[in-house]
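Subject: Structure handover

Hello,

Here is the structure you are taking over.

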Amino acid sequence: MSEILDAAVAGASPETLGSLPMPETYRAVFVRRDEQSIFEGMASKDKDPRRMLHVGEVPVPELAPDEVYLGVMASSINFNTVWTSIFEPLPTFGFLDRMAKESVWGQRHALDYHVVGSDAAGVILRTGSAVRNWKVGDAVTVHCNYVDDQDPSSHDDSMMSNNQRIWGFETNFGGLADIAVVKANQLMPKPAHLTWEEAGVNALCNSTAYRMLVSRNGAPVTQGDRVLIWGASGGLGSFAVQHVLNSGGVPIGVVSSESKVAALHELGCEYVINREEKNYQFWKDEHTQDESEWRRLGKDIRSLAGDDPGIVFEHPGRSTMGASVFVAKRGGIIVTCAATSGYLVEYDNRHLWMKLKTIRGSHFSNYREAWAANQTIIDGKVVPPLSKVFPLEETGEAAYEVHHNRHEGKIGILCAAPREGLGVTDPELRARVGEDRLTIFRRHDRG
Ligand code: NAP
């Protein structure tokens, strides 16, 4: 590793970091443009991220005035890296090429490799000339909302911006690397009680869940609300459960194994449905759904939680959307941010209009929401659902686990940090939050 990264790992002063040269190249995880058609015609499940996520040295790009170079200590696997690595629904090179048409700085991104990764925790190594609120040596986490602040449409809710992008997915130079290029308005303080690998897994999923369930832009939970959460021990779901509990709501988690049920109970989610055990068959065949199975889920929810869910936290998509619309309470909201099992969803519209339900789309979060979500972690009110850690070289293996739903919570990736356990600067707060609570998902992970 380069001298400056070694110094950042060792906690060197801003003066020392500033005096050390930036390297010319850095280690990164990337997909290659010349391989983007390789999986054509294959079924999604057979497309193997391990084949496409390469680890190697790439040149350090030039820094724009509103950006920083970040020494990335740790990052995480998000589902968008799985999508990029299997080139679904589209190869991400199209995003980079479009970006190149917008500006001189945008042109840097259209390369024959795409450095992926939409989470990071690390140390600022250099700041561009227009960066005001951050300095070299600051320990930070990164949210992935990449916004053009010269676009008028980004100045109410930046997620409504015409050219809003997700960093490390729709832009290059992402977080699965030793160095990342990050806009200053993506930076947030690192929670001092967390290790690097705990701090690096939160921003994307926590901020998304926060917008969906806490922000006025989503379906904000109030006391006593029943909230059905699909994949409640997954990346999004494990944060969703914590936000519902913090808002005084009642989460009803759906998961697919007993170890996940146990993890959720320990997190404080009393009502958990094991969908494997219940064996719901919402689809009779590829074209036909079974309303009696939706009804069976609805009865299970009522008998557990005493009422229908006023909010349904949706992301599996095609497999579950019909059921989600059906089980939501009269006047309820189905808030959705994804479609892992297929985006052409189908539901019975009669249940939507006759019972005055709403489907609300949601996507990541604006800076204010990401900052507020980060604060819940800084305050120890939300804990990172870190279940496993892989070295950067094994990112493909980690993405393979997520692709095949073999993980729980979040998988962390060690980048420049040489080992786990580094980065805690507030051990008192860590003790107050509790080692047991911080390791729930590590202890229950079946892998
Ligand atoms: P994850 O860690 O894999 O968790 C998803 C969970 O959903 C799985 O653990 C699984 O839990 C459950 N699940 C998967 N397929 C299912 C199915 N067919 N029926 C019922 N449950 C199913 O992934 P994640 O990070 O939470 O992300 C989930 C999706 O949201 C991905 O498609 C991702 O791209 C998307 N996403 C979107 C945004 C956004 O801003 N729009 C942000 C984050 C993520 P069980 O097996 O335990 O039930």
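I start with an open sheet of three strands, in the order β2-β1-β4 and with antiparallel pairing. Strands here are DSSP runs of E with at least two residues, helices are runs of H or I with at least four, and both are numbered from the N terminus. Two strands pair if DSSP finds at least two bridges between them. β2 (54–59) and β4 (113–115) are the edge strands; each has a single partner, so one side of each is left without a neighbour in the sheet. From one strand to the next, the twist averages 60°. β1 (residues 25–32) and β4 run antiparallel and are joined by three bridges, and Phe 30 stands opposite Val 115 in β4.

A word on the basis of all this. The model is predicted: local features need pLDDT of at least 70, side-chain atom pairs count only at pLDDT 80 or more, and totals for chains, interfaces and linings use all residues. Residues are numbered from 1 along each chain as its sequence is written, and side-chain values use heavy atoms, with hydrogens and water left out.

There is also an open sheet of six strands, ordered β13-β12-β11-β16-β17-β18, with parallel pairing. Its edges are β13 (271–274) and β18 (358–361), each with a single partner strand, so one side of each lacks a neighbour in the sheet. The twist here averages 20° from one strand to the next. Within this sheet, three bridges join β11 (residues 226–229) to β16 (residues 311–314), and Leu 228 has Val 312 in β16 as its bridge partner. Helix α9 (residues 235–246) lies across β11, β12 (250–255) and β16, at about 175° to β11. Angles run from 0 to 180 degrees between N-to-C directions, with axes fitted to C-alpha atoms, and for helices over the stretch in contact; contact means heavy atoms within 4.5 Å.

Now the ligand. Which residues are closest to the ligand? They are Ser 256, Arg 275, Thr 340, Phe 364 and His 407, out of 26 that surround it (a heavy atom within 4 Å). Polar contacts are pairs of N or O atoms within 3.5 Å. A polar side-chain atom of His 407 lies 2.7 Å from a ligand oxygen atom, and one of Trp 83 lies 3.0 Å from a ligand oxygen atom. A backbone N or O atom of Cys 337 lies 2.9 Å from a nitrogen atom of the ligand. Helix α8 gives the largest share of the shell, three residues.

Regards

Definitions and conventions: A polar contact is a pair of N or O atoms within 3.5 Å; within protein, one must be able to donate a hydrogen and the other to accept it, and residues adjacent in sequence count only if both atoms are side-chain atoms.
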